[in-house]
Amino acid sequence: MIRQAKAQRMLTHEQIWGALDRLAARAGLSPSGLAKRAGLDPTTFNKSKRVTSDGRERWPSTESIAKALTAAGSSIDIFVQLIGDGVRDGRSVPLLGFAQAASSGHFDEQGLPSGKGWSEVALPSAEDDHSFALEISGDALAPYRDGDVLLVSPGTPIRKGDRVVVKTRAGEMLVKALKRRTAKLLELQSLDGAQDERTLAVADVAWIARIVWASQ
């Protein structure tokens, strides 16, 4: 009985990694975004790194956990609370790299996540059942930075001035602000003012969805 009780108190591989995922979500980041902010290799906390090629469980080091806590502005006490069930104020949404999103096979005709290549991230403000997240890579989408995560809500109404993600039928992905929308045209503004305005024919737009949250 004593041995059984001790076993039940041992930390599991799933609990530790789950706590790191929730720590990233509390900071408004994906696991790779948290690793990057902590000064680690961006793939340190990726799910693909949690099990070796021969099936052995790989555990995060105490050093990487300590750096992640510092990057997230949290303490070891918070991390302990996140182990196990931890917080329940967030829910997982599909996550995809922004650069990948431009390729075919990741969205259906309504602009909802589809196909392979998606992972998951827990975001506390996800309310739309069809919400998904896109992780920025590089600095071409200023003011968003490398590692930022955008929460995109296809079901949220879009108004003038809202930040949106637009995918064209040609496969181009745009992050803009909506200037004007008519039955035939979509007028878009750049977010940083450094680029010219963009006008698209509605017939050339595959889908448009509002950005409701970002981890800036």
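**Aromatic pairs and one buried isoleucine**

The structure holds six aromatic pairs. Keep in mind that this is a predicted model.

Before the examples, a word on description. A pair of aromatic rings is described by the distance of the centres and the angle of the planes.

Take Phe107 and Trp118. Their rings are 5.4 Å apart, centre to centre, with 85° between the planes, which makes the pair edge-to-face. Where do Phe107 and Trp118 sit in the chain? Both are in the loop between helix H6 (98-101) and strand S2 (119-123), eleven residues apart, and the pair links distant parts of the chain. Phe107 and Trp118 are each buried.

Trp118 also pairs with Phe132, again edge-to-face, at 5.9 Å centre to centre and 80° between the planes. Trp118 lies in the loop between H6 and S2, while Phe132 lies in strand S3, so this pair ties together parts that are 14 residues apart in sequence. Phe132 is buried, as is Trp118.

Now to Ile136. This residue is in the loop between strand S3 (132-135) and strand S4 (149-153). Is Ile136 buried or exposed? Ile136 counts as buried, because its relative accessibility is 2%, and the cut-off for buried is under 20%.

Which residues does Ile136 touch, leaving out those up to four places away in sequence? They are Phe98, Leu141, Tyr144, Arg145, Asp146, Gly147, Asp148 and Leu150. One of these is Asp146. Ile136 and Asp146 are ten residues apart along the chain, and their C-alpha atoms are separated by 5.4 Å.

How values were computed. Residues are numbered from 1 along each chain as its sequence is written. This is a predicted model: local features need pLDDT of at least 70, side-chain atom pairs count only at pLDDT 80 or more; totals for chains, interfaces and linings use all residues. Side-chain values use heavy atoms; hydrogens and water are left out. Helices (H or I, at least four residues) and strands (E, at least two) are DSSP runs, numbered from the N terminus. Buried means under 20% relative accessible area, exposed over 50%, partly exposed in between (1.4 Å probe, protein chains only). Contact means heavy atoms within 4.5 Å. Rings of Phe, Tyr and Trp (its six-membered ring) pair if their centres lie within 6.5 Å; planes under 30 degrees apart count as stacked, over 60 as edge-to-face and the rest as tilted.
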